[in-house]
Every structure is written in structure tokens, then in C-alpha cells.
Amino acid sequence: MQFGFIGLGNMGGVIARNILRAGEKVIVFDLNVQRAEEFVADGAVVAHSRDELAVCDVLCTCLAMPQHVTGTVLGEDGLYAKMKSGAIHIDFSTIDPSTANQMAAEAQKKGIAYVQSTVGKTPQMAAKCEEPLFIGGDRAAIEKLMPLFSKIGQPRDVDTVNASCAVKLLSNLIGMANLAVLAEGMRIGALAGMDPHKLIELLQDTGARSFQLDVRGPWIADNDYAARFGVNLTAKDLRLGCAMARDWGYEPKMIEQAYAYYTQASEAGMGMEDSCAVYKITK
């Protein structure tokens, strides 16, 4: 099969390379042409227009915002209007269920199978093909692609597009709210005169232990805010997750407070720093 891949950022680039290393033919496109050309050494062909990917059997997208994905595939000039019937679209982006269902419906009208495959952890995990892939959508397409999914990550068939989007958004809603609480806790520990590294060591043997404590706690202690998963992306995912909850009739009050923290951090100029920079606004 001929694959096309649009969006070669921190996560998309790793997934694209995994597909290449699985032995598939891949045409890549990114607005940053220099970034796309880095994939030639891995065997990719660089497209200079997204329209060149219309010939692909499988189109993959991994983009930052829902509107970036819909802008790529929907409308008279979108790729769905140019792709062949029987093609497949895999979206690895973190988007909301409403947007994903809109694309699935439009894809079906064009004879295109839509598969949502949100990714569960970090680019570092993806580079080792250990990234959870939460997969939902067209059943025949998923069955056809499952051998590839098993080569590039750890697939979890969650059945529906709704579930695929929800699992990732819930992961970030819970994880990033946990991080905001951790940031406040470490700030209170500092007020108690505690060394942050010692505090983390002590908390790891209590009910406060979490992924965020283990991973981002030391970054906070070291004042290391280099972007792994940035504040702006965190705020985007929390916004989408809260909207998802409200669409289904639930008001996520605690997570809304966490969203307010990350929004404040973004507005304070920390948007491109790692999400643990939320610690800096707890003063």
C-alpha cells in the first residue's frame, strides 16, 4: 500500500518513521519543507503539495488542532474530494468526538474509510513502538491495518470514533489536572522549607505518587521547562475535553479549574514551555 503522511511534528514524525521502518512506502508532507526532507534518508518521498497525497491508499494525519485536520480533508479543495474510493484515512491527531464524527461521515460519502487512532503517551514511547494506539472507526479498515498498527505501536481496539477520542482526552484531562495539583503541592512544600527533590522522594512512597510526580516532578524541581508536551497543547486538549463533557451533559468543574491554570500560564507567555511550567503560576 502507498501511505501518505501529513504533519511531521514531535509525534507525527516518529509515527511516520515507524511506518517507513515497517517497510511501507510513504509520501510525506509538512509545511516545514526542511523537516519533511529529513525523512528522505528513511526512504520517504517528499511531497511539495498536500494534493500529491491524494493518490495514496492510506492517508495519515497528525496535526495540532481539529481545524487543521478538517481544513486538510474537508471542503471542495480538501483531500477527500480528490482521494479515490476505497482509500483509508487514519487520523492520529488529538481531536474531539464531534469533529471526528464529522470527518467520518464526510469520508463515508466519498467511499473513504475513516479510522481514528489517538496516541496515548509520549514521542519517546512512540520511538520504541511502545505507544498505546486507541483505535476506533471503520471496522474493515481497522482489520486490514491491524498488522501495521501492531508494528508501529501497541494497538487497543476501542471500537468507536467516540471512544478513540474520549480515551485520549480523558487521559489528558486527568493527567494534566493531576499535574496542576502536583504543582500546587510542590509550591506548598517549598513554603514549608523542603528541598523539592527530597519532597518528591518522600511522596513517591505515599498515595500522592503518580506518573506526573515521577516524570514531571523532577523537571519542576530542576526548573526544567523544556517543551515535551507544551502548555498551549495542554490547554487545547483540556478545552476540547471539557467541551466533550458538556456536549454529553456533564459539567467538569474540577478540570475546568485546571484548564484555567493552563490558560493563565499560556497568557503569561509560557505556551511553548512544557506543561509543568504551570508550576510557575502557583506563586
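1. Arginine 228 has a relative accessibility of 26% and therefore counts as partly exposed, a class lying between buried (under 20% relative accessible area) and exposed (over 50%), computed with a 1.4 Å probe on protein chains only. Its side chain meets that of aspartate 224 in a salt bridge at 2.7 Å, N to O, where a salt bridge is a side-chain nitrogen of Lys or Arg within 4 Å of a carboxyl oxygen of Asp or Glu. Aspartate 224 is likewise partly exposed, with a relative accessible area of 23%.

2. A word on the basis of these points: this is a predicted model, in which local features need pLDDT of at least 70 and side-chain atom pairs count only at pLDDT 80 or more, while totals for chains, interfaces and linings use all residues. Residues are numbered from 1 along each chain as its sequence is written, and side-chain values use heavy atoms, with hydrogens and water left out.

3. The structure holds 18 salt bridges. One of them joins the side chains of lysine 198 and glutamate 201 at 3.7 Å, N to O; these residues both lie in helix H8 (residues 196–203), three residues apart, about one turn of the helix. Lysine 198 is partly exposed at 41% relative accessible area, and glutamate 201 is partly exposed at 47%. Helices here are DSSP runs of H or I with at least four residues, and strands are runs of E with at least two, numbered from the N terminus.

4. The salt bridge between aspartate 237 and lysine 236 spans 2.8 Å, N to O, and both of these residues are buried. Elsewhere, Arg50, Asp51, Asp77 and Lys82 are linked in a network of salt bridges. Side chains of opposite charge can pair when their charged atoms come close.

5. Eight strands form an open sheet of mixed pairing, in the order S3-S2-S1-S4-S5-S6-S7-S8, and two strands are taken to pair if DSSP finds at least two bridges between them. The edge strands are S3 (45–46) and S8 (154–159), each of which pairs on one side only.

6. Which residues of strand S5 are buried on its two faces? Ile88 and Ile90 are buried on one side of S5 (residues 88–91), and His89 and Asp91 are buried on the other, so that both faces are covered. S5 pairs in the parallel sense with strand S4 (residues 58–61) over four bridges, and in this pairing threonine 61 has aspartate 91 as its bridge partner. S5 also pairs in the parallel sense with strand S6 (residues 113–119), again over four bridges, with isoleucine 88 standing opposite alanine 113.

7. The chain crosses from S5 through helix H4 (residues 97–109) to S6 in a right-handed β-α-β crossover, and S4, helix H3 (residues 66–73) and S5 also make a right-handed β-α-β unit. Right-handed means that, with the strands pointing away from the viewer, the path from the first strand over the helix to the second runs clockwise.

8. H4 lies across S5 and S6 and runs at about 155° to S6, whereas helix H7 (residues 161–191) packs on the sheet, touching S6, S7 and S8, with a direction that makes about 15° with that of S6. Contact means heavy atoms within 4.5 Å, and the angles, from 0 to 180 degrees, are taken between N-to-C directions of axes fitted to C-alpha atoms, for helices over the stretch in contact. Strands S7 (residues 132–137) and S8 pair in the parallel sense over five bridges, and proline 132 stands opposite glutamine 154 in S8.
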